[in-house]
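Opening the notebook on a new model today.

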Amino acid sequence: MSIEIQAPGTARAEVTAEADDSAPALNRDILDSLTALVKQAGTVGHSIADGFGIAPHDLLALFKLEGGLAMKELAQRMGCDASFVTAIADTLEKRGFIRREPSQRDRRIKNLMLTSEGMTAKERLMAQLAAKMPWCYALDEAERRCFLGLLRKMLDTPCPGTTANAGESRTETGRDAP
């Protein structure tokens, strides 16, 4: 199977009859297709971030923010250094999407809180992402549920030869652990 990118926002899965249908060839095709899907999702994300007048990493932060979240926790959820979150928080605060509040347990810790403007922006972002992600328009509901199940299975299965698991920070519901 291969993914053929025809134009921005369109992809077509096509079964190719290869003489060599070996596991390595299949795995290469899966990797190629997954890479194309991630690239397409990244392009959509960049476009949506541009529409909001923010950088893609700022968009990711909005996506990850729920309730009050410590800056260090946001950095963990985004997979970046905590010092980088300071710049993100500055941008989102200037845009009126978040505000910083001291933690009630430790006033040295700053929690990032979505403002009403931030919640509205996040809802718009989620709606735009949902409308433009290929699984939302190319798959029916049963296929999306199957796709999600397969993604969770892969993320929850330890990678052979490593002690770390890409999905180890996920809860049983598939959401990032708090």
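My entries below go from the whole chain down to one helix pair.

**Ground rules.** I'm working on a predicted model, where local features need pLDDT of at least 70 and side-chain atom pairs count only at pLDDT 80 or more, while totals for chains, interfaces and linings use all residues. Residues are numbered from 1 along each chain as its sequence is written, and side-chain values use heavy atoms, with hydrogens and water left out.

**Whole protein.** I looked up the secondary structure and got 7 helices and 5 strands; helices (H or I, at least four residues) and strands (E, at least two) are DSSP runs, numbered from the N terminus. From the N terminus the order reads β-β-α-α-β-α-α-β-β-α-α-α. Of the 178 residues, 27% are buried, meaning under 20% relative accessible area with a 1.4 Å probe, protein chains only. The accessible surface (Shrake-Rupley, 1.4 Å probe) is about 11,900 Å², and carbon and sulfur atoms hold 58% of that. I also checked contacts (heavy atoms within 4.5 Å): among those between residues at least 6 apart in sequence, 44% join residues at least 24 apart.

**Sheet.** I found an open sheet of 3 strands, ordered β3-β5-β4 with antiparallel pairing; strands pair if DSSP finds at least two bridges between them. β3 (68–70) and β4 (98–102) are the edges with a single partner strand each, so one side of each has no neighbour in the sheet. Neighbouring strands are turned by 35° against each other on average, direction ignored. β3 pairs with β5 (residues 110–114) over 3 bridges, and G68 has M113 in β5 as its bridge partner.

**Helices on the sheet.** I followed α3 (residues 71–78) across β3, β4 and β5, at about 80° to β3. Helix α4 (residues 82–94) lies across β4 and β5, at about 120° to β4. Axes are lines fitted to C-alpha atoms, for helices over the stretch in contact, with angles from 0 to 180 degrees between N-to-C directions.

**Helix α2.** Which residues of α2 (residues 56–64) are buried? I get D58, L59, A61, L62 and K64. They pack against α1 (23–52), β3, α3, α4, β5 and α5 (116–132).

**α2 with α5.** I looked at the axes of α2 and α5, which come within 10 Å and cross at roughly 105°. That makes α2 roughly perpendicular to α5 (65 to 115 degrees). L59, L62 and F63 of α2 meet G118, A121, K122, L125 and M126 of α5. By class, I note 6 nonpolar, 1 polar and 1 charged residues in this contact; Ala, Val, Leu, Ile, Met, Phe, Trp, Tyr, Cys and Pro count as nonpolar, Asp, Glu, Lys and Arg as charged, the others as polar.

Note on methods
Buried < 20%, exposed > 50% of the residue type's maximum accessible area, 1.4 Å probe, protein only. Parallel < 35°, antiparallel > 145°, perpendicular 65-115°, else oblique.
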